[in-house]
Structures are given as C-alpha cells and as structure tokens.
Amino acid sequence: MIKTQNLTKLFPRATVPALKSINLEIQDGEFVSLVGRSGSGKSTLLYLLSTLDSPTEGNVFYDDVNVKNISAQEIFKLRNKNIGFVFQFHYLLQELTALENVLLPARKAKVLEQRRPMGLKLLEEVGLKGLEKRYPSELSGGEQQRVAIARALIMEPTYLFADEPTGNLDSQNGQMIIDLFDKINKEKGTTIIYVTHDKEFAARARRQITLADGALV
Ligand SMILES: Nc1ncnc2c1ncn2[C@@H]1O[C@H](COP(=O)(O)OP(=O)(O)OP(=O)(O)O)[C@@H](O)[C@H]1O
Ligand SMILES: [Mg+2]
C-alpha cells in the first residue's frame, strides 16, 4: 500500500505549490489513472509517490514505512527492485540498442542473462519485434517510448508509475500499451498508476484520480 500524508511540494523558484496537502491511499494491485490539465501537478505527484523526488512537507508511506526514514541504500533497493517508472520524456541511453536499454535494470541487478528472454518478450508485447538491435536514434519517438515502457517492466516491479506512456502513440499503439498494463495488473497484481490526457485511456483504469491546481478533485 502507498499512502500520502499532507503531501506538499513547493519548487524553489515557484510562488504557488505544485501540490497542496495531498492525502491519498493506493492499495496493492490497484489500476489507477491520474488526470488533470497541464500544470495541475500530475508529474510532480508521480515523482513523489515513486520516491524519485521528495516533498517540501508531508510524507509518503510504503506499507506504513515512511520513505523519509529509509536509508539511501534501502531507497535504492526499493527503486531498482520494486518500482518501475516510465518518464514523460523517456531517457534511453543512445549508445545502447533497444534490447540493451530494456535489459539495463537487469544488468544493474546482475541478472542480465536470466532476464534476456523476458526482454525479448516485452519488446514483442509492445509491438517492437524485429527492432531489438536498433539504436534509439534509429527509432521513432513512439517506438522509443515503447522501449522505455518495456524497460520499466523488466524487473517485474511491484509498482509501476507511468507518466503519459501513450503520449507519443497513435490510438492503436496506445491501446496496446493499456492492454499490456491491464494484463500485467491482472496477472501479476502489479499496482499501476499512469498519467494520461486521453479520456478513453483514463477510463480503462479501475480508479481515476483527478488533480486540479495541485489538489485532488
Ligand atoms: N522544477 C520546477 N520548478 C518550478 N516549478 C515547477 C518545476 N517543475 C514543475 N513546476 C511547476 O509545477 C506545476 C506542476 O507541474 P507538473 O509537471 O507536475 O504538471 P503536469 O500536471 O504533469 O503537467 P503536464 O500535463 O503538462 O505534464 C506547474 O505549474 C509547473 O510549472
Ligand atoms: Mg507532466
């Protein structure tokens, strides 16, 4: 379970907080979409929930453990083992092929060879079979985004956070990604929280959270 307590984020050079005292509880195995206008705080909330950024005030709990009280080493372990993150602006390593990018978290966790078949399967599931050896510069924006999605799933995370994972995709490919999320959520019980501006995709989740001006609606 992930729980937030009065979660507030004021960026250094901002005058109004990006998030204002958010209280939220997400149970294990939930399938959640996060919606709201541009600038409403969706990315900020996703970063705080996933421990990639820390709040100005308030707390994030993972199963009643306050993330603030976990050592740097434990946080690193939580991130690499239990959390998958798809960035709004996907960061692939340019000198690695699609498959090597997908397998990067496995390489870090020293399980590269064990995970290779899953890397190939994931690339197939995001519609990139045959493109495993391409470099990011040889892929379209949407294809790169799908590589980043496969990379976020390679360690079979307990929690998946995806910031506009379908943002660069046409509706058919977007559908494929949401189908994959749905399948992983059902089969593995992965907690999935994704941001989208697409009403249809948002409706595919079993719970919808709306942000407006940094507050829950
Ligand atoms: N590093 C920063 N410094 C100052 N303000 C920031 C910073 N990052 C974000 N903000 C501000 O915080 C607010 C929320 O930003 P956020 O990126 O969370 O919005 P969003 O809902 O994800 O928008 P979008 O749909 O455009 O991605 C915005 O007003 C933004 O300008
Ligand atoms: Mg955003």
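The legends below describe close-up views of a predicted model. Local features need pLDDT of at least 70 and side-chain atom pairs pLDDT 80 or more, while totals for chains, interfaces and linings use all residues. Residues are numbered from 1 along each chain as its sequence is written, and chains are lettered from A and ligands numbered from 1 in the order in which they are written.

View 1. Four strands, in the order β2-β1-β4-β5, form an open antiparallel sheet. Strands are DSSP E runs of at least two residues and helices H or I runs of at least four, numbered from the N terminus; two strands pair if DSSP finds at least two bridges between them. β2 and β5 (65–66) are the edge strands, each pairing on one side only. Helix α1 packs on the sheet and touches β1 (2–9), β2 and β4, where contact requires C-beta atoms, placed from the backbone, within 7 Å. The direction of α1 makes about 125 degrees with that of β1 (lines fitted to C-alpha atoms, for helices over the stretch in contact; angles from 0 to 180 degrees between N-to-C directions).

**View 2. Pairing of β4 with β5.** The two strands are antiparallel and share 2 bridges. Phe61 has Asn66 in β5 as its bridge partner.

**View 3. Two residues with positive phi.** Ser21, in strand β2 (residues 19–26), has phi near 45 degrees. Thr51, in the loop between α1 (42–49) and β4 (57–62), has phi of about 70 degrees. Ser21 is partly exposed, with 15 other C-beta atoms within 10 Å, whereas Thr51 is buried, with 22 (buried: 20 or more other C-beta atoms within 10 Å; exposed: 12 or fewer; partly exposed: in between; C-beta atoms placed from the backbone).

Methods. Two residues are in contact if their C-beta atoms, placed from the backbone, lie within 7 Å.
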